[in-house]
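Here's a quick tour to read alongside the model. Keep the viewer open as you go.

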Amino acid sequence: MKSLVTIIIITATIIKILTFHLRKLIMLMLFPQRFFPQPVFTSFWNALFVRIQCTLLFIRQELGDIRCLALEKVAESLEFPCKYSLNGCPGIFPYYSKLKHESMCNYRPYSCPYAGSECSMVGEIPFLVSHLRDDHKVDMHSGCTFNHRYVKSNPCEVENATWMLTVFNCFGQYFCLHFEAFQLSMAPVYMAFLRFMGDENDARNYRYSLEVGGNGRKLIWEGTPRTIRDGHRKVRDSHDGLIIQRNMALFFSGGDRQELKLRVTGRIWKEPPPPNSSSDNNLCFPFPLPLPFPIPNQPL
């Protein structure tokens, strides 16, 4: 009991002393000219300014990887809405799950699909279409069929190249046609593929085909367009498209095989919707099914 009283007295004394000196410091800060002559007053504010600068520089320095377990426990117990909730995402997640979700959220903005250079522009599909047309000057076409010619002089000297992106407006949606040259296991190849400007679920509703040929030969590719959520390099590295070896491409080009003149044709169509789960195919009938009319006797 005596020790507790002693601690209280010591604490009260320390608070009284600190309060007294704090009051003097405040008066000194507010009215330094009352305590110092003019030269000392100027030196005081110069010294104070230098002290503040040094403090700010110290604050700006990195403190390192210092963890606060108490705050981490508090963060784990809190739930937050997705930062794309204004775009329509209804999810509410714990702090750490929220960060992972936002990196894959279907409501996050799309990245620019232009493949000619790295572009950091993001936004919704109508904005990106205008951005591609106005800033990247890409070719814009309407229709579900296309016929494009890719030309390159001295193709054997080019190991990696990206041709201008082409955008198609079809079924009220937008599709990006890519054509690139790269090395596949040390072999030079060309690749054409299609990407859908939307999410993966909507991309599955469409199919496309690509065809290239010449001199009585033909190569055909058919597949589902990939979403622009998948970068063009990811699609290319997964070989999800029409791949043409350079020798074959030059054979299709004709002539003396010194110039690439490749014509790629294709079309886009919409997949029919899956059968309705309430259709007659899923109904259960007793067996045997009674017929609406009698079967006449047949002689054996």
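## Salt bridges

Which side chains meet in a salt bridge at 3.1 Å, N to O? Those of arginine 204 and glutamate 200 do; the term stands for a side-chain nitrogen of Lys or Arg within 4 Å of a carboxyl oxygen of Asp or Glu. Before going on, note that this is a predicted model, where local features need pLDDT of at least 70, side-chain atom pairs count only at pLDDT 80 or more, and totals for chains, interfaces and linings use all residues. Residues are numbered from 1 along each chain as its sequence is written, and side-chain values use heavy atoms, leaving out hydrogens and water.

Across the whole structure, 11 salt bridges turn up. Lysine 218 pairs with glutamate 211 at 3.3 Å, N to O. Lysine 218 counts as exposed because its relative accessible area is 52%, while glutamate 211 is partly exposed at 29% (buried is under 20%, exposed over 50%, partly exposed in between, with a 1.4 Å probe and protein chains only). Aspartate 237 and arginine 236 form another salt bridge, with their closest N and O atoms 3.4 Å apart. Here arginine 236 is buried at 12%, whereas aspartate 237 is partly exposed at 46%. There's also a network of salt bridges linking Arg226, Asp230, Lys234 and Asp240.

## Positive phi in two loops

Phenylalanine 171 isn't a glycine, yet its phi is positive, about 55 degrees. Look for phenylalanine 171 in the loop between strand S8 (166–170) and strand S9 (173–184); helices (H or I, at least four residues) and strands (E, at least two) are DSSP runs numbered from the N terminus. Phenylalanine 171 is partly exposed, at 42% relative accessibility.

Histidine 239 is also a non-glycine with a positive phi, about 60 degrees. The loop between helix H7 (232–237) and strand S14 (242–245) holds histidine 239, which is partly exposed at 36%.

## The largest pocket

The largest pocket has 13 lining residues, and Cys112, Tyr114, Glu118, Gly231 and His232 lie nearest its centre. A pocket is an open set of points on a 1 Å grid over the protein atoms alone, where a 1.4 Å probe fits, with protein on both sides within 12 Å along at least five of seven lines; lining residues have an atom within 4 Å of a point.
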